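Grab your viewer and work through these exercises one at a time. Try each task before you read its solution.

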Amino acid sequence: SWRSEIFHGGAFREVAAKFAGDGDAFAKLSRKVREGGAGNWGNVPMPPNPAISDADLRAILDWVLALK
C-alpha cells in the first residue's frame with residue numbers, strides 16, 4: 001500500500017516509527033515540512049512547503065504520526 005511504499009524519503013509508516021515516543025516529533029517534522037531538507041532518508045532533498053496552513057500541517061502530521 002502507499003502507506004508503506006517508498007518513493008522518495010521514508011514511507012509514512014517509517015516516519016511514524018522513527019518518531020514514535022518523541023515528544024518533539026511534531027515540531028521537528030513541522031520544521032522539515034516548512035523548510036525542506038535532505039539527508040534523513042537518502043540523498044533526494046525534500047522541497048520546502050512554506051505555504052502549508054497550520055491546520056493542514058497539523059492534520060497531515062497527526063495522521064502520519066498515528067500510523068502503526
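**Exercise 1. Find the ring that the charged end of Arg58 sits over.**

Solution. Start at the tip of Arg58: it sits over the ring of Phe26, 3.7 Å from the ring centre. The rule here asks for NZ of Lys or CZ of Arg within 6 Å of the ring centre and within 35 degrees of the ring normal.

Before going on, some housekeeping: this is a predicted model, where local features need pLDDT of at least 70 and side-chain atom pairs count only at pLDDT 80 or more, while totals for chains, interfaces and linings use all residues. Residues are numbered from 1 along each chain as its sequence is written, and side-chain values use heavy atoms, with hydrogens and water left out.

**Exercise 2. Classify the ring pair of Phe12 and Trp63.**

Solution. Step one is the rule: rings of Phe, Tyr and Trp (its six-membered ring) pair if their centres lie within 6.5 Å, and planes under 30 degrees apart count as stacked, over 60 as edge-to-face and the rest as tilted. Step two is the geometry: the centres of Phe12 and Trp63 are 5.4 Å apart and the planes stand at 80°, so the pair is edge-to-face. Step three is the location: Phe12 belongs to helix α1 and Trp63 to helix α3, 51 residues apart. (Helices are DSSP runs of H or I with at least four residues, numbered from the N terminus.)

Now check accessibility, where buried means under 20% relative accessible area, exposed over 50%, and partly exposed in between, with a 1.4 Å probe and protein chains only. Phe12 comes out partly exposed at 33%, and Trp63 is partly exposed too, at 34%.

**Exercise 3. List the residues of the largest nonpolar core.**

Solution. Look for buried Ala, Val, Leu, Ile, Met, Phe, Trp, Tyr and Cys residues joined through side-chain atoms within 4.5 Å. The largest such core has eight: Val15, Phe19, Ala25, Leu29, Val33, Leu57, Leu61 and Val64. Two or more of these come from each of α1 (12–19), α2 (25–35) and α3 (54–66). Then zoom in on Leu29: not counting residues up to four places away in sequence, Leu29 touches Val15, Phe19, Leu61 and Leu65 (heavy atoms within 4.5 Å).

**Exercise 4. Is Ser30 buried or exposed? And which side chain does Asp54 make a polar contact with?**

Solution. Ser30, in helix α2, is buried at 10% relative accessible area. Leaving aside neighbours within four places in sequence, Ser30 is in contact with Leu57 and Leu61. Asp54, in helix α3, is exposed at 57%, and the side chain of Asp54 makes a polar contact with that of Arg34 at 2.6 Å. Such a contact is a pair of N or O atoms within 3.5 Å; within protein, one must be able to donate a hydrogen and the other to accept it, and residues adjacent in sequence count only if both atoms are side-chain atoms.
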